[in-house]
There are 2 protein chains.
Amino acid sequence: MKGTVGELGEFGLIRELTSRLTTTPAVRLGPGDDAAVVAAPDRRVVVSTDVLLEGRHFRRDWSTAYDVGRKAAAQNMADIAAMGAVPTAVLLGLVVPADLPATWPSELMDGLRDECQVAGAAVVGGDVVRGDTITVSITALGDLRNSDPVTRSGAQPGDVVAVTGWLGWSAAGHAVLARGFRSPRAFVEAHRRPEPPYHAGPAAARLGATAMTDVSDGLVADLGHIAEASKVRIDLRSGDVDVPSQMADIGQAVGVDPLQWVLNGGEDHAIVATFPPDVKLPARWKVIGEVLNPSALPQVTVDGAPWPHSGWDHFGAGAEAE
Amino acid sequence: MKGTVGELGEFGLIRELTSRLTTTPAVRLGPGDDAAVVAAPDRRVVVSTDVLLEGRHFRRDWSTAYDVGRKAAAQNMADIAAMGAVPTAVLLGLVVPADLPATWPSELMDGLRDECQVAGAAVVGGDVVRGDTITVSITALGDLRNSDPVTRSGAQPGDVVAVTGWLGWSAAGHAVLARGFRSPRAFVEAHRRPEPPYHAGPAAARLGATAMTDVSDGLVADLGHIAEASKVRIDLRSGDVDVPSQMADIGQAVGVDPLQWVLNGGEDHAIVATFPPDVKLPARWKVIGEVLNPSALPQVTVDGAPWPHSGWDHFGAGAEAE
């Protein structure tokens with residue numbers, strides 16, 4: 001495909017984007033009408049929305065359009081999974097400059113589509129608008145399949161804290177890219193394209209998880225949301241949190257304690273949950289801490305002590321070009 | 001409330017926005033977790049998304065934040081109604097500059113909330129991000145209540161075309177504002193805050209509507225979407241389309257044929273549908289044309305002849321500051 005989105009025009013772009021989509025049995029009516037229709041067999045629908053801006057949440061020199069699509073869909077569907085639901089559908093609100101090559105939104109859509117397929121979902125609709133800053137607004141829907149939603153507010157003192165998925169890989173990749181490098185590839189790829197463990201969310205609900213979230217702002221920060229909503233304290237054991245040797249090597253190379261990436265790095269969309277202490281967890285879950293009664297200490301501690309590094313404020317000055 | 005959104009911070013702004021919300025029985029889990037949970041008693045959910053940009057879809061000197069909120073929710077919930085569904089929930093993706101007064105997003109949220117209440121829905125979640133251009137991304141959900149969705153593709157030759165709601169009022173108000181005036185108020189208000197006839201959508205589904213859409217791009221353009229999807233021609237009778245006398249007066253004052261506003265003006269979100277010829281329509285529906293077999297003529301004609309004014313391309317140069 002040649003030319004810019006301005007040359008293609010609104011309806012031409014919409015045609016191009018929708019022509020790339022695949023469907024699933026849950027899609028009762030796909031793009032092209034006033035609204036889409038998606039099956040909701042549970043009689044409840046889980047829904048979440050996120051906005052990604054160029055220069056703030058992604059950079060075109062670091063990530064391809066395809067990667068941005070994968071990542072945008074992944075972070076939203078991780079929110080669905082973190083409620084214990086199965087992702088069913090994604091919608092795209094897209095702002096594009098008129099001089100943007102038309103290949104960019106097309107490859108973005110390919111990324112959205114492929115990530116949806118990983119999770120068993122499909123892109124069912126959207127809107128495209130011309131504007132100055134590329135903006136990718138994603139809404140994801142999901143179905144609870146008769147499980148109750150697992151919120152952030154159900155953690156009980158005595159529960160164990162367990163995590164599944166990747167931790168710190170995206171942050172390590174970001175550190176590498178920010179220093180102008182393109183390798184090690186595994187971390188750079190993890191930053192460009194997270195791989196949330198979608199299946200783990202509904203599985204945790206069936207295992208009796210009492211509270212759950214995905215790790216988008218950092219493990220300590222996101223567990224802080226659970227601790228606050230559940231009115232408990234959470235203590236992590238740093239020795240039980242894996243720091244892969246390759247990550248330790250990069251940390252040494254760039255002068256960063258890799259435990260910071262693991263405990264504070266967001267965007268990998270691991271899933272962290274609390275479970276009753278007698279739970280039998282499958283091997284892919286790692287128990288890394290426990291839920292305690294609230295105390296004078298901060299709501300999340302590491303090895304019983306305050307963890308000095310703060311969470312992530314998306315409005316803070318440090319958030320640029322993340 | 002004082003200060004800017006930057007001073008309030010991400011979490012402060014989210015707290016402020018969510019504190020303004022009301023709920024409905026359909027909201028099983030509102031804002032504050034990874035995702036919201038909304039009842040979908042029909043086992044299908046209708047969903048649509050739209051993006052509004054400052055300078056393109058609204059202007060802060062023409063519309064208050066409250067009006068933008070009302071309008072953003074209205075245009076999305078009109079899409080839900082135009083499928084024959086009842087709106088249940090709305091999500092907001094919001095981009096705001098750090099120096100924006102914090103009152104602006106708060107009043108936007110009040111507008112969203114109040115328009116949702118008109119339709120029986122509630123705001124259930126969202127995302128706020130800092131960026132240069134105010135961007136309002138709305139997703140609306142709805143429930144079909146056991147009606148089949150009314151798409152654009154079911155119109156049959158012999159059907160009548162009927163409309164309910166306002167036509168041309170927003171366009172006339174836009175013409176007034178664009179010339180630097182603030183009155184007549186009725187049209188300016190209609191531009192700032194459309195009033196879609198939400199109830200008419202599900203009612204039309206029950207009355208046996210064969211195709212339906214809301215008028216967002218203009219009556220002729222939107223009926224063109226029905227004609228194309230249904231592979232029919234649609235002929236409108238201009239004498240049956242109401243042109244209010246006040247609108248005729250403004251048209252004379254600004255030198256515009258008011259029929260252009262009525263037939264080409266979007267954004268009032270009237271609902272137009274096709275029905276079998278023997279349908280008994282309630283008084284608030286006006287029959288304005290009929291569905292014919294396709295011919296060499298354009299897909300939508302007025303009094304049997306081509307209508308010379310084209311539809312609306314949101315990427316076109318004329319679309320600025322609309």
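How many helices and how many strands does chain A have? Chain A has 9 helices and 13 strands. Helices (H or I, at least four residues) and strands (E, at least two) are DSSP runs, numbered from the N terminus.

Hi everyone, a word on the ground rules before we go on. This is a predicted model, where local features need pLDDT of at least 70 and side-chain atom pairs count only at pLDDT 80 or more, while totals for chains, interfaces and linings use all residues. Residues are numbered from 1 along each chain as its sequence is written, chains are lettered from A and ligands numbered from 1 in the order in which they are written, and side-chain values use heavy atoms, with hydrogens and water left out.

Let's start with the overall form. Chain A has a radius of gyration of 20 Å, close to the 20 Å from the globule rule for 322 residues, so chain A is as compact as a globular protein of that length. The radius is taken over C-alpha atoms, and the rule is 2.2 Å times the number of residues to the power 0.38. Along the principal axes, the C-alpha trace of chain A spans about 60 × 50 × 30 Å.

How much of chain A is buried? Of its 322 residues, 61% count as buried. Buried means under 20% relative accessible area, exposed means over 50%, and partly exposed is in between, with a 1.4 Å probe and protein chains only. Now for contacts, meaning heavy atoms within 4.5 Å. Among the contacts in chain A with a separation of 6 or more, 84% come from residues 24 or more positions apart.

On to charge. Chain A carries 27 positive and 40 negative side chains, and the centres of the two sets lie 4 Å apart. Lys and Arg count as positive and Asp and Glu as negative, while His and the chain ends are not counted. The place of a charge is NZ of Lys, CZ of Arg, CG of Asp or CD of Glu.

Next, the aromatic rings. Rings of Phe, Tyr and Trp (its six-membered ring) pair if their centres lie within 6.5 Å; planes under 30 degrees apart count as stacked, over 60 as edge-to-face and the rest as tilted. By this rule, there are 8 aromatic pairs over all chains. In one of them, the ring centres of A:Phe58 and A:Trp104 are 6.0 Å apart and the planes are at 25 degrees, so this pair is stacked. A:Phe58 sits in the loop between strand E3 (44–53) and helix H2 (65–81) of chain A, and A:Trp104 in helix H3 (residues 103–119), so to speak a link between distant parts of the chain, 46 residues apart. Both A:Phe58 and A:Trp104 are buried.

Over in chain B, B:Trp169 and B:Phe187 are also stacked, at 4.4 Å centre to centre and 25 degrees between the planes. B:Trp169 is in helix H4 (residues 169–178) and B:Phe187 in helix H5 (residues 185–192) of chain B, so the pair ties together parts 18 residues apart in sequence. B:Trp169 and B:Phe187 are both buried. Back in chain A, A:Trp166, A:Trp169 and A:Phe187 form one aromatic cluster.

Let's stay with helix H4 of chain A. Is it mostly enclosed or open, and why? Since 9 of the 10 residues of H4(A) are buried, it is largely enclosed by the rest of the structure. Among the buried ones are A:Trp169, A:Gly173 and A:His174. The cover over them includes H5, helix H8 (245–254) and helix H9 (258–264) of chain A. Just after H4(A), A:Gly180 takes a positive phi of about 90 degrees.Now the backbone. Most residues other than glycine have a negative phi, and most peptide bonds are trans.

A:Asn146 has a phi near 70 degrees and is exposed, with a relative accessible area of 69%. B:Glu267 has a positive phi of about 75 degrees, but B:Glu267 is buried, with a relative accessible area of 13%.
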